[in-house]
Amino acid sequence: AASEAAQKRWTTSDFDIGKPLGRGKFGHVYLAREKRSDHIVALKVLFKAQLQQSQVEHQLRREVEIQSHLRHPNILRLYGYFYDQKRVYLILEYAVRGELYKELQKCKYFSERRAATYVASLARALIYCHGKHVIHRDIKPENLLIGAQGELKIADFGWSVHTFNRRRTMCGTLDYLPPEMVESVEHDASVDIWSLGILCYEFLYGVPPFEAREHSETYKRIVQVDLKFPPKPIVSSSAKDLISQMLVKESTQRLALHKLLEHPWIVQNADPSGLYRG
Ligand SMILES: CC(C)n1nc(-c2ccc(NC(=O)/C=C/C(=O)c3ccc(F)c(C(F)(F)F)c3)cc2)c2c(N)ncnc21
């Protein structure tokens, strides 16, 4: 059925369109039900006028192609797309419990068990992607959604397309870029390990490690790996040890993802199911 979804010529009349789920920067997202299957999806509507038409078609096809080979509980599915005169519609897996960063804002920071559970499931998703030679699924809080059972979903909003360069900073946050990207040298899968380290820090402290008022300041702190652990909230030395092994300037020296899953902090804190049930 999913492969059929990738090929079928969809139209809006195939869907009952429900409530708006939110306004992304490039268009609205609606809850929708595919009429024949009763399958609930998220339908993202983008205005062609806002997309540089030529590249998008090929990029969308490429994205759907990549996604049709990616099947992982922690990677949000893009089932397919279609377009009409003025709009492009993306047919997406619906993440029932919405945005992770809203959760993080609400709780200020997560418990070590919750943080470790999320980090472990993201590490497994990234190991899966790297195994399929897909890197850089943009793991920052804005791109993470939560499924019905509390599982994390990496929703890659395809920003690489919008920025039309591989910088991938959504709304200008540099915070998640590793030194080699900030210094815009070639990067590889170890980029994702750096970003996961940033994310782990932000889960535990509520702010990313190199945050600063000015971009230039953030840039400097990243390239110097100016990593500091504030006294509050209290975080275990085991967690700090893991973060320190991921936020290493030399990309080849960063802790490998499969090693991360064996780290004591992950082994002792992550729920093996990847579900954080509170
Ligand atoms: C509002 C709320 C928070 N919300 N938002 C979502 C949501 C999840 C994922 C996406 N994904 C994308 O946009 C992906 C875009 C592309 O891969 C892409 C690739 C190539 C292109 F040319 C392009 C193109 F745009 F340039 F065409 C795009 C979008 C919205 C969501 C959800 N699924 N479930 C519940 N709530 C949800």
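Contact, on this tour, means heavy atoms within 4.5 Å. What you have open is a predicted model, where local features need pLDDT of at least 70 and side-chain atom pairs count only at pLDDT 80 or more, while totals for chains, interfaces and linings use all residues. Residues are numbered from 1 along each chain as its sequence is written, and side-chain values use heavy atoms, with hydrogens and water left out.

**Stop 1: Val248**

Select Val248, which sits in the loop between α9 and α10 (257-260). Leaving out residues up to four places away in sequence, Val248 touches Trp194, Gln253 and Arg254.

**Stop 2: the whole chain**

Colour by secondary structure and you get 11 helices and 7 strands. Helices (H or I, at least four residues) and strands (E, at least two) are DSSP runs, numbered from the N terminus. Buried residues (under 20% relative accessible area with a 1.4 Å probe, protein chains only; exposed is over 50%, partly exposed in between) make up 51% of the 278 residues. Of the contacts between residues at least 6 apart in sequence, 63% join residues at least 24 apart.

**Stop 3**

Two packed helices are described by the angle between their axes and the distance between the axes. Here axes are lines fitted to C-alpha atoms, for helices over the stretch in contact, and angles run from 0 to 180 degrees between N-to-C directions.

Show α7 (residues 190-205) and α9 (residues 237-246): their axes come within 8 Å and cross at roughly 150°. That makes α7 roughly antiparallel to α9 (the label is for angles over 145 degrees; under 35 is roughly parallel, 65 to 115 roughly perpendicular and the rest oblique). The crossing is left-handed, meaning the near helix is turned anticlockwise from the far one by less than a right angle; clockwise would be right-handed.

Which residues of α7 meet α9? Show Ile193, Trp194, Leu196, Gly197, Cys200, Tyr201, Leu204 and Tyr205 in α7, then Ala239, Lys240, Ile243 and Met246 in α9. The residues of this contact divide into 10 nonpolar, 1 polar and 1 charged. Ala, Val, Leu, Ile, Met, Phe, Trp, Tyr, Cys and Pro count as nonpolar, Asp, Glu, Lys and Arg as charged, and the others, Gly among them, as polar.

**Stop 3**

**Stop 5**

Select β4 (residues 78-83): 5 of its 6 residues are buried, so β4 is largely enclosed by the rest of the structure. β4 is joined to β5 (residues 87-92) by 5 bridges, and the two run antiparallel. Strands pair if DSSP finds at least two bridges between them. Look for Phe82 opposite Tyr89 in β5, then follow the hairpin's 3 connecting residues.

Next, β2 (residues 27-34) pairs with β3 (residues 39-47) over 8 bridges, also in the antiparallel sense. Val29 has Lys44 in β3 as its bridge partner. In the 4 residues between the strands, Asp38 takes a positive phi near 60°.
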